[in-house]
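Subject: Structure handover

Hello,

Here is the structure I said I would pass on. My notes on it follow below.

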Amino acid sequence: CVRHSSCCTFTFSLKTGRLKFRLTGYPRKHNEGRIEVFYKDEWGTICDDDFSLANAHVLCRQLGFVSATGWAHSAKYGKGAGKIWLDNVQCSGSEMSIALCKSRGWGNSDCTHDEDAGVICKDERLPGYTDTDNVQVDEYRIEEVRLQPVVSMVKRRLPVTEGVVEVRFKGGWAQVCDNSWTPKNSRVICGMMGFPHERKVNKSFYKLYTERQKNHFLVHSVACLGTEMHLAACPLEFNKGNATASCPGGVLPAVVSCIPGPLYTHSLTSVRLKGGTHQGEGRVEVLRGSEWGTVCDDRWNLQAASVVCRELGFGSAKEALTGARMGQGVGPIHMNEVQCSGQERSIWNCRFKNITSEDCQHTEDASVRCNTPYMGFHKMVRITGGRSQYEGRVEVLSLDVNRTQRWGLLCGEGWSTREAMVVCRQLGLGYANHGLQETWYWDGSNVTDMAWSGVKCVGDELALSQCQRHKVFSCQKTATRFAAGVICSETASDLVLNAPLVQQTVYIEDRPLHMLYCAAEEDCLSKSAAKANWPYGHRRLLRFSSEIRNIGRADFKPKAGRHSWVWHACHGHYHSMDIFTHYDLLSLNGSKVAEGHKASFCLEDSECQDGVAKRYECANFGDQGITVGCWDLYRHDIDCQWVDITDVKPGNYIFQVVINPNFEVAESDFTNNAMKCNCKYDGHRIWLHNCHIGETHMT
């Protein structure tokens with residue numbers, strides 16, 4: 001090992017020759033990529049088995065960077081070719097070279113290129129780093145691609161679905177020759193732009209335009225298979241001389257037209273994404289029969305992820321994530337070892353294995369991040385005055401009476417978590433922890449006038465402009481302190497009810513009135529109870545147990561701090577939420593015939609899955625909440641765990657339970673908060689059947 005003056009990198013020499021390293025693959029920046037090693041006159045990769053951040057530190061230093069900030073598995077930057085030089089590499093992090101770390105030895109591997117490792121280095125060079133002999137820099141790598149529209153009207157319309165293909169090169173943009181351009185090439189470009197399919201383009205129109213332009217061609221030919229996730233993964237022929245040279249044969253720049261998917265609409269499909277922070281990402285769930293289930297991550301890769309993305313109307317996949325990165329699902333796991341070519345129309349057309357509970361657990365649920373169209377929504381709203389980028393007073397860009405764009409505040413009256421959810425999503429800041437109607441405690445900006453009032457959102461909109469609002473501004477409190485605000489978070493809880501347990505534990509009890517005084521104080525009985533001959537007589541109660549699990553990525557905690565919790569002396573506990581669940585008996589046309597509600601008697605971790613420790617316990621005024629991976633059990637025999645059906649006639653009904661019905665606490669998914677069952681009541685007994693978690697919109 002030879003140290004070069006003040007340079008802290010090392011050129012490591014072996015008897016077989018000096019090692020060289022390079023970062024390659026797609027899509028990537030200059031300080032990240034698939035790590036490749038030049039050994040015995042041949043480039044090869046490193047397997048991700050036993051890979052760690054310590055390994056990445058050693059490799060990044062050999063590449064001339066100060067350290068690593070992360071690493072990637074499962075060929076995130078694409079599959080390499082040729083040798084897999086190292087496997088089961090285990091470094092302490094202090095080694096001078098990867099060759100000094102433990103491994104199976106050079107060329108000894110049982111991996112495939114689906115397991116190629118990548119590294120993300122800190123974008124800071126080692127002091128005095130000048131020796132780049134051991135690092136190969138690819139001057140002609142392609143990182144960024146765009147479609148450049150040529151019609152002025154189209155340039156202002158988003159998303160851009162058609163235009164000249166351009167690639168970023170040396171601080172500018174260069175074109176790609178339309179030399180033997182194929183629909184497969186267009187499919188790859190459209191996938192990168194967030195669109196599922198390509199279509200034919202009117203080349204004669206573009207010929208007139210491009211003949212008048214000065215073009216700069218970097219790529220002379222492209223030969224994609226159509227399954228690649230990025231243009232850089234296709235075989236490319238670069239013009240390595242003068243990038244202004246014309247295309248061979250005088251052909252024109254490549255032009256692509258894409259078909260936008262049914263974005264942001266709820267089309268019928270047998271696959272869905274759950275638990276993601278942004279549009280086009282989440283845990284993959286597939287529908288088999290009438291039951292949704294997850295996909296195990298064994299052999300999960302970008303080809304399979306892209307099939308899912310395109311099936312949902314997005315483009316190709318940016319990432320295929322493993323290890324329940326988007327939270328653990330519940331219920332069955334329908335698929336394992338999914339293998340797709342990338343051309344399939346549905347994940348169900350791919351090869352896969354049916355599994356048993358011994359094969360996979362929900363800790364192995366597969367997830368995806370898809371390419372989505374650029375819509376520019378984030379430019380129309382901003383938050384200011386907060387302590388971090390995740391909180392602040394909401395400001396929107398709107399037109400004043402002179403048709404001039406200006407920033408304005410939102411009236412805080414009626415502002416809730418639903419509206420805040422839309423703002424956080426629009427800005428790419430995840431979920432809404434709080435929607436605030438007063439923001440006097442935040443620093444003010446120079447924006448003091450209010451622009452919108454009466455904003456009402458369902459909660460799943462992509463931008464505030466898609467929500468309802470007053471046509472004529474009307475706000476009682478127009479001072480800046482009453483402007484709407486938000487607090488966003490990258491993660492959120494996700495509560496789901498154990499539907500089978502409800503169905504198994506339901507029964508009817510005739511409970512004497514003298515045992516219901518506390519329940520009456522908490523308004524847990526129907527209105528007719530007030531006219532009863534207390535303490536004589538009884539109430540007929542539909543009773544059941546409920547187990548509420550947190551399958552999200554953040555703990556579920558009451559919105560109100562403990563200083564504002566209400567002590568209930570009769571039951572001897574604190575209420576941290578006024579309404580935690582609604583219990584309703586509905587007629588077959590959806591109208592309520594009986595209802596119950598439950599305050600949060602005590603939110604705590606009753607039980608947790610293996611490896612998860614309890615955090616919340618109500619005893620001694622303890623913290624209340626539900627930890628990720630834990631559940632809160634409300635037994636059938638506690639007060640208010642019922643619906644008062646004293647006045648209900650025999651017949652067929654729908655029984656419904658809704659958790660967090662007022663959206664008081666942020667969740668990543670509110671569509672799984674409702675459970676519905678078909679209910680038969682003969683006047684003496686009650687039966688529940690076909691209980692399922694409702695796939696309903698927030699209303």
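The largest cavity has a volume of about 50 Å³. A cavity here is found on a 1 Å grid over the protein atoms alone, as a set of points where a 1.4 Å probe fits but cannot get out, and lining residues have an atom within 4 Å of a point. Grid points are joined across faces, edges and corners, and the volume is the space filled by probe spheres set on the points. The structure holds one cavity of 30 Å³ or more. Its lining consists of Gly-275, Arg-283, Met-326, Gly-327, Tyr-431, Thr-491, Ala-492, Ile-551, Gly-552, Arg-553 and Ser-668. By class, that lining divides into four nonpolar, five polar and two charged residues. For this count Ala, Val, Leu, Ile, Met, Phe, Trp, Tyr, Cys and Pro are nonpolar, Asp, Glu, Lys and Arg are charged, and the others, Gly among them, are polar.

Please keep in mind that this is a predicted model, in which local features need pLDDT of at least 70 and side-chain atom pairs count only at pLDDT 80 or more, while totals for chains, interfaces and linings use all residues. Residues are numbered from 1 along each chain as its sequence is written, and side-chain values use heavy atoms, with hydrogens and water left out.

Overall picture

The protein has eight helices and 44 strands; these are DSSP runs numbered from the N terminus, helices being H or I of at least four residues and strands E of at least two. Its C-alpha atoms fill a box of roughly 95 × 70 × 50 Å, taken along the principal axes. Of the 699 residues, 53% are buried, where buried means under 20% relative accessible area, exposed over 50% and partly exposed in between, with a 1.4 Å probe and protein chains only. Among contacts (heavy atoms within 4.5 Å) with a separation of 6 or more, 71% are between residues 24 or more positions apart.

Two cavity-lining residues and their surroundings

Arg-283, one of the lining residues, stands opposite Ser-367 in β24. The pairing of β19 with β24 (residues 367–370) is antiparallel, over three bridges; two strands count as paired if DSSP finds at least two bridges between them. Strand β19 (residues 281–288) is mostly covered, with six of its eight residues buried. Strand β18 (residues 271–274) is also joined to β19, by four bridges and in the antiparallel sense, and Val-271 stands opposite Val-286 there. These two strands form a hairpin with six residues between them, and Gly-275 in the turn has a positive phi of about 85°.

Leaving out residues up to four places away in sequence, Gly-552 touches Ala-492, Ser-493, Asp-494 and Val-628. Its C-alpha atom is separated by 9.4 Å from that of Val-496, 56 residues apart along the chain.

Nonpolar cores

The largest nonpolar core has 32 residues, and Phe-580, Phe-655 and Met-675 have the most contacts inside it. Such a core is a set of buried Ala, Val, Leu, Ile, Met, Phe, Trp, Tyr and Cys residues joined through side-chain atoms within 4.5 Å. Elements giving two or more residues to this core are β31 (495–497), α7 (499–505), β37 (581–586), β42 (651–659), β43 (674–681) and β44 (686–693). A second, separate core of 26 residues includes Tyr-26, Cys-309, Leu-312 and Val-368.

Sheet and helix

Four strands form an open antiparallel sheet in the order β31-β34-β40-β39. Its edge strands, each pairing on one side only, are β31 and β39 (607–608). Two bridges join β39 to β40 (residues 630–634), and Trp-631 is the bridge partner of Glu-607.

Helix α1 (residues 53–62) is largely enclosed by the rest of the structure, because seven of its 10 residues are buried. Just after α1, Gly-64 takes a positive phi of about 95°.

Regards

Terms used
On a 1 Å grid over the protein atoms alone, a cavity is a set of points where a 1.4 Å probe fits but cannot get out, and a pocket is an open set with protein on both sides within 12 Å along at least five of seven lines; lining residues have an atom within 4 Å of a point.
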